[in-house]
Amino acid sequence: MIDPYGRTITYLRVSVTDRCDFRCVYCMAEEMTFLPKSEVLTLEELDRVASAFVGKGVKKLRLTGGEPLVRKNIMSLIHGLSRHLATGALDELTLTTNGSQLAKYASELATYGVKRVNVSIDTLDPTKFKAITRWGDLGKVLDGVAAAKKAGLTIKINAVALRGVNDEEVDDLIRWCGSEGLDLTFIETMPMGDIDGDRTAQYLPLSLVRAKIAKTWTLAETDYHTGGPARYARIVETGQRIGFITPLTHNFCESCNRVRLTCTGNLYMCLGQNDSADLRAPLRADPSGRLLDATIDEAIGRKPKGHDFIIDRRHAAPAVPRHMSVTGG
Ligand code: SAM
Ligand code: SF4
């Protein structure tokens, strides 16, 4: 799959549910209206769509959400998709999780060929963790990280940089990740969906975080890239990789290799744009999959050049109305 700007699409992110057992303040309002179950693709349908993408050259699949591990029977989907690892069609099957269910599932994930997971932890302070996630329990998440390590999974921690919340904790997070052998990526808040709070108050530019880190740690440049918005360096003192996801700058769109599928079968060609393609109708209308294939090709043919995210005082409204949990980040 090659888009109009010559970018080859090799990476599909699938939001398997919009539901979650946390209510992170930057991601969701406390009272959320979730999609009726009838609109959500079944696990078999998710497998069919993901497999169609693998057939078209996708080499990396990431399951996300909402919280992917709260979807009922999610392990049967992961087990099913692992057949593409066995044939060599797929290079990587991975997921982004809040870690709440990881203690339960880590060893099964490893059995199905999952080698790496991203776990979101914004703070190591249990009280702050509760305040950020509203419903989360840091202890359970840390148990999940320990179980994942024990199962042999490589773990990357994702932390959203939040002004006045975790900006004083950056060194602690780096030290902890260093001692646990985990990579760490900081993420800037993105203006997606209505939340109960004020985003301009939360927004902390990573240029400031990086400058602060550089006062204490030695950052060695690397040429490691995933085709996404993260820029990576290595912390010389710990040996671990550190990433900075700065979605509000445009400098990564030219290497974009990814598209995103929602749990209702909507394909978003760009995280920061509203255009999407309905894959559910062609999926259900034609069991042969030919209509689905044609719809995917047509959608890739209109992947936009880049996004239009801005957060400042004049642009306090979300750039896109959907929450991050719809397209999975
Ligand atoms: N529930 C899983 C988790 O939290 O890892 C997977 C889905 S979550 C939407 C994926 C990532 O997006 C998490 O690391 C989360 O912190 C991040 N995220 C959510 N809302 C965001 C926002 N408005 N801006 C930036 N990152 C956000
Ligand atoms: Fe749930 Fe992840 Fe959103 Fe937090 S960031 S509310 S864990 S989907």
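This is a predicted model: local features need pLDDT of at least 70, side-chain atom pairs count only at pLDDT 80 or more; totals for chains, interfaces and linings use all residues.
Visitor: Why is K60 called buried?
Guide: K60 has a relative accessible area of 15%. Buried means under 20%, so K60 counts as buried.

Visitor: Where is K60 found, and which residues does K60 touch?
Guide: K60 is found in strand β2, residues 60-64. Leaving out residues up to four places away in sequence, K60 touches T10, Y11, L12, L90, E92, T94 and R116.

Visitor: What makes β2 largely enclosed by the rest of the structure?
Guide: Five of the five residues of β2 are buried, so the strand is largely enclosed. K60, R62 and T64 point one way, L61 and L63 point the other way, and all are buried. In a regular strand the side chains alternate between the two faces of the sheet.

Visitor: What makes β1 mostly covered?
Guide: Five of its five residues are buried. Y11, R13 and S15 point one way from β1, while L12 and V14 point the other way.

Visitor: How do you know whether V16 is buried or exposed?
Guide: V16 has a relative accessibility of 0%. The cut-off for buried is under 20%, so V16 counts as buried. V16 is placed in the loop between β1 and α1 (43-55). Its contacts, neighbours within four places in sequence aside, are L46, L63, T64, G65, P68, R71, I74, L77 and C263. V16 and T264 are 248 residues apart in sequence, with their C-alpha atoms 8.6 Å apart in space.

Visitor: How do you know that the length of α6 is close to the expected value?
Guide: Helix α6, residues 138-150, has 13 residues. The expected span is 1.5 Å times one less than that number, which gives 18 Å. From first C-alpha to last, α6 reaches 18 Å, so the helix is close to expectation.

Visitor: Which residues of α6 are buried, and what do they pack against?
Guide: L138, V141, G144, V145, A147 and A148 are buried. The buried residues of α6 pack against α4 (102-111), β4 (116-120), α5 (126-133) and β5 (154-160).

Visitor: What is found at the start of α6, and what follows the helix?
Guide: At the start, a side-chain oxygen of D137 reaches to within 2.9 Å of the backbone nitrogen of G139. After α6 comes G152, with a positive phi near 90°.

Visitor: Which residues surround ligand 2, and how many are nonpolar, polar and charged?
Guide: The shell holds C20, F22, R23, C24, C27, M28, G66 and N98. By class, five are nonpolar, two polar and one charged.

How values were computed
Residues are numbered from 1 along each chain as its sequence is written. Chains are lettered from A and ligands numbered from 1 in the order in which they are written. Side-chain values use heavy atoms; hydrogens and water are left out. A residue is near a molecule or strand if one of its heavy atoms lies within 4 Å of it. Ala, Val, Leu, Ile, Met, Phe, Trp, Tyr, Cys and Pro count as nonpolar, Asp, Glu, Lys and Arg as charged, and the others, Gly among them, as polar. Helices (H or I, at least four residues) and strands (E, at least two) are DSSP runs, numbered from the N terminus. Buried means under 20% relative accessible area, exposed over 50%, partly exposed in between (1.4 Å probe, protein chains only). Contact means heavy atoms within 4.5 Å. A polar contact is a pair of N or O atoms within 3.5 Å; within protein, one must be able to donate a hydrogen and the other to accept it, and residues adjacent in sequence count only if both atoms are side-chain atoms.
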